[in-house]
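Here is a short report on how the parts of one protein chain meet. Look at the model first, then read on.

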Amino acid sequence: MGKPTGFMEYKREKTKEQPPLERILNWNEYASRLSDESLQTQGARCMDCATPFCHMGIEVRGAAAGCPIQNVIPEWNDLVYKGKWQEALQRLHMTNNFPEFTGRVCPAPCEGSCTLGINEPSVAIKSIERSIIDKGFENNWIVPRIPSHRTGKKIAIVGSGPAGLAAADQLNQKGHSVTVYERADRPGGLLMYGIPNMKLEKEVVERRVNLLQQEGIDFVLNTEVGVDITGEQLKNEYDAVILCVGAQKQRALHIEGSESEGVHLAMDYLTGVTQSLLDSKFKDGKALNVKGKDVIVIGGGDTGADCVATAIRQEARSVYQFGKHPELPKVRTDETPWPQDPNVYKLDYAYEEVAAVKGRDPREYCIQTKKIVKDKNGRVKELHTIQMEKVLGEDGFYYFKELPGTEKIWPAQYVFVAIGFEGVENKIADHFGVNLVRNRIQASIKDFATNVPGVFVAGDARRGQSLVVWAIKEGRAVAASVEEFLTTSVKA
Ligand SMILES: Cc1cc2nc3c(=O)[nH]c(=O)nc-3n(C[C@H](O)[C@H](O)[C@H](O)COP(=O)(O)OP(=O)(O)OC[C@H]3O[C@@H](n4cnc5c(N)ncnc54)[C@H](O)[C@@H]3O)c2cc1C
Ligand code: SF4
């Protein structure tokens, strides 16, 4: 364990963050790691609590508790405390293919389940994870692991997000020949074109993909399966096919005026900005630019927050984010008891930035957009809203009630719609003939097999829009299932 009395002696410290007013002037990652000395102190706070829930990755009353990939957190906390960084790295890689991604963008459910967190700020697990892997890359401890033999089995993976990359890594290390097909011009899925650069610099994604390539994985980019190459071709050429196509079908807004010019789906905005940043540092002028405009983001979730952070970097005149739900409580309530990940108020990076520039949090709670009004040129001009109250009905369900007299008009020249994702795009499911349940490709977590023999599914495509850590978990699990399939099946 760490230092027996560490949790009583040291305060929690997390990754260093560039001050909001400085970081909005650039598109670089705003968080950087602590000094080795501080990290050892943070590792010393782990109190060897005998039954560590942080690494369990279980469901408690239907909600996730602990790390979904079962990172052996207390072990590496101890190794970091003792300065044994390489051993910590080896332990970390045992369960996590890509700690450099989770160490940056994971919401860290592990910390919500930390025993110390019951009455003190939890151990800074995510910061420690990120530091172990970053130190590993800086010191060249991470080198290509080229498999010593090849089995002759071939696997096609469709989609290069974290699920596809994790599955590819696992199967390649078993000696199978893996080809990843990706329709975008760069690999990484939402790690590349989704999560903004200031949260996850794209060099970090490219560094890992380069390593996977050196280890023998082939990436075929700009190739949409079902359009540029058929599913039949893949099924004939490969021993197994894994669909890791994500759940990127965005939910559209169906209210009066939502067709107005200036109303965009959030992902179109975010993808365009990242693409232009990477291609030309914005010189190509292809990114949508909201400089000097009034921006409203409809949808109170994380994708909406990323739009807010993007708009504030582009120097929008005003930025608001409309959410349907009330503000979350500041402290854990009985609805999410320990060791569940608590559903509490957080000042996300984007909100901190708007607060620093505009002097207020951009979030508006319990608000419903009734209609979008356009000008004579068909461009969005204003949004009409009403406040709502969340009330508990006699049937035990919550519902939203409009509050008369709270109508308001908001000026806006740009509106970004971030009200969630419906599931997979139907055309890929139809193309392979796989069954869908609630817009997700159907497969159980027992074997990740679809109804089509030899075709498997993992990640958001199976579970719906989720988190990077769950995608990695599913990528690892589908690989284990495909491995079993390859060793027990005979191809016709
Ligand atoms: C804006 C945004 C921000 C997010 N931020 C976070 C965060 O901070 N932390 C976090 O943990 N999670 C975050 N998420 C969620 C996380 O990114 C996803 O859960 C995760 O990337 C899912 O991984 P995946 O591999 O299943 O699918 P994806 O990452 O969606 O990758 C699917 C890939 O399949 C490709 N593809 C689809 N169809 C085809 C086809 N027919 N042929 C070839 N290729 C195809 C797509 O182009 C894509 O590259 C965010 C999501 C969004 C939208
Ligand atoms: S992957 Fe996420 S949940 Fe797991 S240890 Fe890292 S930050 Fe915690």
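The C-alpha centres of domain 1 and domain 3 are 30 Å apart. Their contact (heavy atoms within 4.5 Å) takes 21 residues from domain 1 and 21 residues from domain 3. The model is predicted: local features need pLDDT of at least 70, side-chain atom pairs count only at pLDDT 80 or more, and totals for chains, interfaces and linings use all residues. Residues are numbered from 1 along each chain as its sequence is written, chains are lettered from A and ligands numbered from 1 in the order written, and side-chain values use heavy atoms, with hydrogens and water left out.

The domain bounds come from an automatic or database domain assignment.

| Domain | Residues |
|---|---|
| domain 1 | 6-138 |
| domain 2 | 154-248 + 422-488 |
| domain 3 | 252-419 |

Between domain 1 and domain 3, about 1,800 Å² is buried. Carbon and sulfur atoms give 64% of that area. Buried area is the accessible area (1.4 Å probe) that two parts lose on being put together, summed over both.

Two salt bridges cross the interface of domain 1 and domain 3. A salt bridge puts a side-chain nitrogen of Lys or Arg within 4 Å of a carboxyl oxygen of Asp or Glu. E353 forms a salt bridge with R23. Their closest N and O atoms are 2.6 Å apart.
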